Amino acid sequence: MDYKTATAKKQTETLATLSELIEERYGTSRKTLSFSPESPQPLRKVLESYNFEEPKPLKEVLLESANLLKESNLDTGHRSYFGLFNGPAHFSSVIADALVAAYNPQLSVWSHSAAANEIESHCIRFFLRRFGYGDLNGTSRGAGHFTSGGSESNTTALLCALNDQFPNFKREGTFGLKQRPLIYVSEYAHHSLKKAASAVGLGLDSIRVVPCDSSLKMDPVQLQQMIDIDSRAHAPFCIVATAGTTSAGVIDPLEEIAQIAQKTGLWFHIDAAWGGAAVFSEKLKPFLKGMECSDSITFDAHKWLSVSMGAGVFLTRKKSILDQTFGLQAEYMPAEVPDTSDLHKTSLQWSRRFIGLKVFFALAELGSTGLSKQIDHQTALGDLLRNELSKHDWIILNPTPLPVVCFTHPLIRAGKVTTQQVLQLLYSKQKHWISETKIGNETVFRACITHPDTTASEIVGLVTELASLI
Ligand SMILES: *Cc1c(COP(=O)(O)O)cnc(C)c1O
C-alpha cells in the first residue's frame with residue numbers, strides 16, 4: 001500500500017470512530033450525570049503521557065480525549081442539568097463545526113470567503129428582522145455580525161456607543177474626553193459589562209448601577225433621576241437594559257427605558273444574550289416590546305437556541321456605526337468587493353472562524369416553527385417547575401415568564417439548613433444539577449430549563465429529590 005492510500009485508510013477509520021463516538025453521545029441518555037472531578041490531579045496524571053515529544057496516532061488521541069470529556073466534565077447535555085444557559089448543542093452543530101474546520105474559510109475579508117460571508121449575512125438579516133430592525137417578512141435595517149459570545153457583543157456595543165456619542169473616540173480614546181463617560185445598567189446586569197467597561201479603558205467607576213424595583217426590574221424613574229443628576233458633571237452616554245437577566249430571567253421595562261434613551265439622546269443597548277430567543281415565541285414576544293427602539297442588541301445563539309459555543313450575535317440599528325468604530329485601512333488586506341463589507345473593518349475580531357454555519361444549520365433544519373416549539377416547550381416546563389415547587393412549600397422569588405426559577409424554602413430562611421448543604425447532597429446523588437445565585441442579599445437556588453428534550457418527568461424528579469433533601 002502506498003503512503004497516500006495508507007493515510008486515506010487511517011483517516012476513514014478515524015472518521016468512523018468519531019462517528020461512533022458522536023452517535024453514542026447523541027444516542028444514549030445516561031441515568032446519572034457525570035461531574036468534574038474535585039481535584040485536577042487525576043486529569044493531570046493522564047495528560048502526563050503527552051509530552052509532545054513523540055507523535056501519537058490520531059485515533060488514540062481521539063479515543064482518550066473523548067473518554068476524558070465523557071467522564072470528567074459536568075454533563076451540561078443531560079436532561080436533568082438545570083444549569084447555566086448552555087445546554088446540549090443541536091446535532092446539526094456538530095456537522096457544521098466539522099465542515100467549517102474542513103474548509104477553514106477566512107471570514108475577515110469577503111473576497112476570501114464569499115459563500116461563508118453571504119451565509120452569515122443572510123442569517124444576520126433574518127435576526128435583524130426578527131429582533132425588530134426591519135419588517136418581519138420584508139427588508140432588514142441596520143447591520144450586525146457573529147461574535148464569539150455575549151461578552152464580545154457587549155464590548156462591541158460599548159465601543160459603538162462611545163464612537164456614536166463621542167465622534168473623536170476612535171482617534172483620541174478617553175484622553176480626548178473632558179468628562180467621565182457613564183453607562184447605566186441594572187443591579188442584575190451581566191458582569192461582562194463591567195469587564196467591557198474596564199477593557200475599553202473607561203474603568204469600573206464608569207458604571208452606574210440603577211436599583212431595581214420589587215419585581216427585580218430596572219427602575220426607570222431612578223434611571224431618569226440618576227442621568228439628570230450625573231449630567232451636571234459627567235457625560236452619560238449609554239443605557240444597557242437586560243432582556244432576561246442571568247440570575248433571574250427578568251426583562252427590564254424596555255419601552256420605558258427606550259423613551260428615556262430617546263429623550264436624553266443616550267445609546268440604548270439591550271443585552272438579550274439568553275432571553276432574546278423569546279422573539280421566536282408568539283407567547284413570549286410581547287414581553288420584548290420596545291426592543292425595536294434600541295440602538296443595539298446582544299444575542300447568543302449558543303444559549304437558548306442550543307447551537308454549539310461560541311455563537312454570539314451583535315445587531316445594531318445604525319449601520320454606519322460599525323465602520324465608524326472598527327474601520328481601518330490595512331495595506332496587506334485585499335481590496336473590498338463592491339456591495340459587500342469586510343468583517344475585519346466592522347468588528348473586533350480579525351482572522352475569524354465561520355461561526356454562522358452552525359446557526360444557519362439550526363435555523364434551516366428547525367425553521368421558525370421548530371424553534372418556537374422548542375422555546376414554548378421549555379417555557380411550559382418552567383411554569384410546571386414553579387407549580388411543582390409551590391406545591392411542596394418552596395417560595396418562588398423571580399417573577400418572569402421565562403423558564404428560569406429562583407427559589408428558597410422556609411427552613412432555609414429560618415436558618416435550619418443552608419442552600420450549600422442541600423446542593424452538596426443533591427450533587428452527591430449525581431442525578432440533577434441546579435445552581436445558587438443571589439436575589440438581593442439572599443442566597444437562593446436557581447434552576448433553568450436548558451435541554452430541549454427535558455420533559456415533565458425530569459421536572460417532577462427534581463422537585464421530589466429536593467423535597468427529600470430538605
Ligand atoms: C451569558 C450572558 C452574557 C455573556 O455571554 P457569553 O456568551 O457567555 O460571553 C451576557 N449577558 C447575559 C445576560 C448573559 O446571560
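**Chatting through a predicted model**

Me: How many bridges join strand 6 to strand 7, and do the two run parallel or antiparallel?
Reply: Five bridges join strand 6 to strand 7 (residues 312–316), and the two run antiparallel. Keep in mind that this is a predicted model.

Me: Which residue of strand 7 does T298 stand opposite?
Reply: T298 faces F314 in strand 7.

Me: And how does strand 5 pair with strand 6?
Reply: Strand 5 (residues 267–271) and strand 6 run parallel, with three bridges between them. Here D271 stands opposite T298 of strand 6.

Me: How many of the residues of strand 6 are buried?
Reply: Five of the five residues in strand 6 (residues 296–300) are buried, so the strand is largely enclosed by the rest of the structure.

Me: Which residues sit on each side of it?
Reply: S296, T298 and D300 are on one side of strand 6, with I297 and F299 on the other. All of these are buried, and both faces are covered.

Me: Where is G310?
Reply: G310 is in the loop between strand 6 and strand 7. The peptide bond joining M309 and G310 is cis, with omega about -20°.

Me: New topic. What is the strand order in the open sheet of four strands?
Reply: The order is 8-9-11-10, and the pairing is antiparallel. Strand 8 (395–396) and strand 10 (435–439) are the edge strands, so called because each pairs on one side only.

Me: How many bridges are there between strand 9 and strand 11?
Reply: Four bridges pair strand 9 (residues 404–408) with strand 11 (residues 442–448), in the antiparallel sense. F407 stands opposite F445 of strand 11.

Me: Which strands does helix 12 lie across?
Reply: Helix 12 (residues 356–391) lies across strand 8, strand 9 and strand 11. Its angle to strand 9 is about 15°.

Me: What comes between helix 12 and strand 8?
Reply: A loop, and D393 is found in it. D393 has a positive phi of about 75°, although it is not a glycine. At 52% relative accessibility, D393 counts as exposed.

Me: What is the phi of D339?
Reply: Near 65°, a positive value, and D339 is a residue other than glycine. D339 is in the loop between helix 11 and helix 12. D339 is exposed, with 81% relative accessibility.

Me: T346 is in a loop too, so is T346 buried or exposed?
Reply: T346 is buried, at 11% relative accessibility. The loop is the one between helix 11 (320–326) and helix 12. Leaving out residues up to four places away in sequence, T346 touches H145, L322, D323, F326 and S341.

Me: Where does T450 lie?
Reply: T450 is in the loop between strand 11 and helix 15 (456–469). T450 counts as buried, because its relative accessibility is 5% and the cut-off is under 20%.

Me: What does the side chain of T450 reach?
Reply: It reaches the backbone oxygen of Y81, at 3.0 Å. Beyond neighbours within four places in sequence, the contacts of T450 include Y81, G83, L84, F85, S306 and Q378.

Me: And S108, buried or exposed?
Reply: S108 is buried, with a relative accessible area of 1%. S108 lies in the loop between helix 4 (91–103) and helix 5 (114–130). Among the residues S108 touches, not counting those up to four places away, are M333, D342, H344 and W350.

Me: How far apart are the C-alpha atoms of S108 and S92?
Reply: They are separated by 24 Å, and the two residues are 16 residues apart along the chain.

Me: Zoom out. How many helices and strands does the chain have?
Reply: The chain has 15 helices and eleven strands. The radius of gyration is 24 Å, close to the 23 Å that the globule rule gives for 470 residues, so the chain is as compact as a globular protein of that length.

Me: What share of the chain is buried?
Reply: Buried residues make up 50% of the 470 residues.

Me: Last one. What box do the C-alpha atoms fill?
Reply: Roughly 70 × 65 × 45 Å, taken along the principal axes.

Technical notes. Residues numbered from 1 in each chain as written. Predicted model: local features only at pLDDT ≥ 70, side-chain atom pairs only at ≥ 80, totals over all residues. Heavy atoms only, no water. Pairing = 2+ DSSP bridges. Contact = heavy atoms within 4.5 Å. Axes fitted to C-alpha atoms, helices over the stretch in contact; angles between N-to-C directions. Buried < 20%, exposed > 50% of the residue type's maximum accessible area, 1.4 Å probe, protein only. Polar contact = N/O pair within 3.5 Å; in protein donor to acceptor, adjacent residues only side chain to side chain. Rg over C-alpha atoms; globule rule 2.2 N^0.38 Å.
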